[in-house]
Amino acid sequence: LKSGEINSEIVIDTTTAYGVIDTLYHTIQERKSDDPTTSYTAKLLQGKENSLLKKIVEEAGEFTFAIKDNDEEEIIYEAADLLYHTLVALSSKDISPDRVKQEIV
């Protein structure tokens, strides 16, 4: 402020305030209107709903097979993939992960 410079780009680390799930969800929300040719998230959200739902089923299957195979690295990878696609689906319906947290608690 003393220099008179205006910095309109303020970067805030929301991970501490919201946690990883909420931060990822908000990033997904922000990408809803992005170009689907350059953003996989936008492609999922702007594409056919069945494509997104098939992706969730695919990821759930891969996760369960990783569990069956007792492959720890694959379990972690597939769990993250399943979580991401689930958050995209929640975002498509504007349902915050906070609502899911409330259901669990």
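Student: How many aromatic pairs does a search of the whole structure find?

Tutor: The search finds 1 aromatic pair. Keep in mind that this is a predicted model.

Student: Which residues form the aromatic pair, and how is it described?

Tutor: A pair of aromatic rings is described by the distance of the centres and the angle of the planes. Here the partners are Tyr 40 and Tyr 84. Their centres lie 6.3 Å apart, with 25 degrees between the planes. Planes under 30 degrees apart count as stacked, so this pair is stacked.

Student: Which parts does the pair tie together?

Tutor: Tyr 40 lies in helix 2, residues 40-46, and Tyr 84 lies in helix 4. The pair therefore links parts that are 44 residues apart in sequence.

Student: What makes up the largest nonpolar core?

Tutor: In soluble globular proteins, nonpolar side chains tend to be buried together. In this model the largest nonpolar core has 12 residues, including Tyr 25, Leu 44, Ile 56 and Tyr 84. Helix 1 (15-30), helix 2, helix 3 (49-68) and helix 4 each supply at least two of the core residues. Helix 4 gives the most, with 6 residues.

Student: What does Ile 56 touch?

Tutor: Leave out residues up to four places away in sequence. Ile 56 then touches Leu 82, His 85, Thr 86 and Ala 89.

Student: How far does helix 4 reach from its first C-alpha to its last?

Tutor: Compare the span with the one expected at 1.5 Å a residue. Helix 4 has 21 residues and reaches 30 Å, close to the expected 30 Å. Asp 94 follows helix 4, and its phi is positive, near 55 degrees.

Student: Which side chain of opposite charge is nearest to Glu 78?

Tutor: That is Lys 55, 7.9 Å away. A salt bridge needs a distance within 4 Å. Glu 78 is buried yet has no salt bridge. Glu 78 sits in helix 4, residues 72-92. Leaving aside neighbours within four places in sequence, Glu 78 is in contact with Glu 59, Glu 62, Phe 63 and Ala 66.

Student: Is Ala 42 buried or exposed?

Tutor: Ala 42 has 0% relative accessibility, so Ala 42 counts as buried. Ala 42 is found in helix 2. Not counting residues up to four places away in sequence, Ala 42 touches Arg 31, Lys 32, Asp 34, Asp 35, Pro 36 and Gly 47.

Methods
Residues numbered from 1 in each chain as written. Predicted model: local features only at pLDDT ≥ 70, side-chain atom pairs only at ≥ 80, totals over all residues. Heavy atoms only, no water. Helix = DSSP H or I, 4+ residues; strand = E, 2+ residues; numbered from the N terminus. Buried < 20%, exposed > 50% of the residue type's maximum accessible area, 1.4 Å probe, protein only. Lys, Arg positive; Asp, Glu negative; His and termini not counted. Contact = heavy atoms within 4.5 Å. Phe/Tyr/Trp six-rings, centres within 6.5 Å; stacked < 30°, edge-to-face > 60°. Expected span 1.5 Å × (residues − 1). Core = buried A, V, L, I, M, F, W, Y, C linked by side-chain atoms within 4.5 Å.
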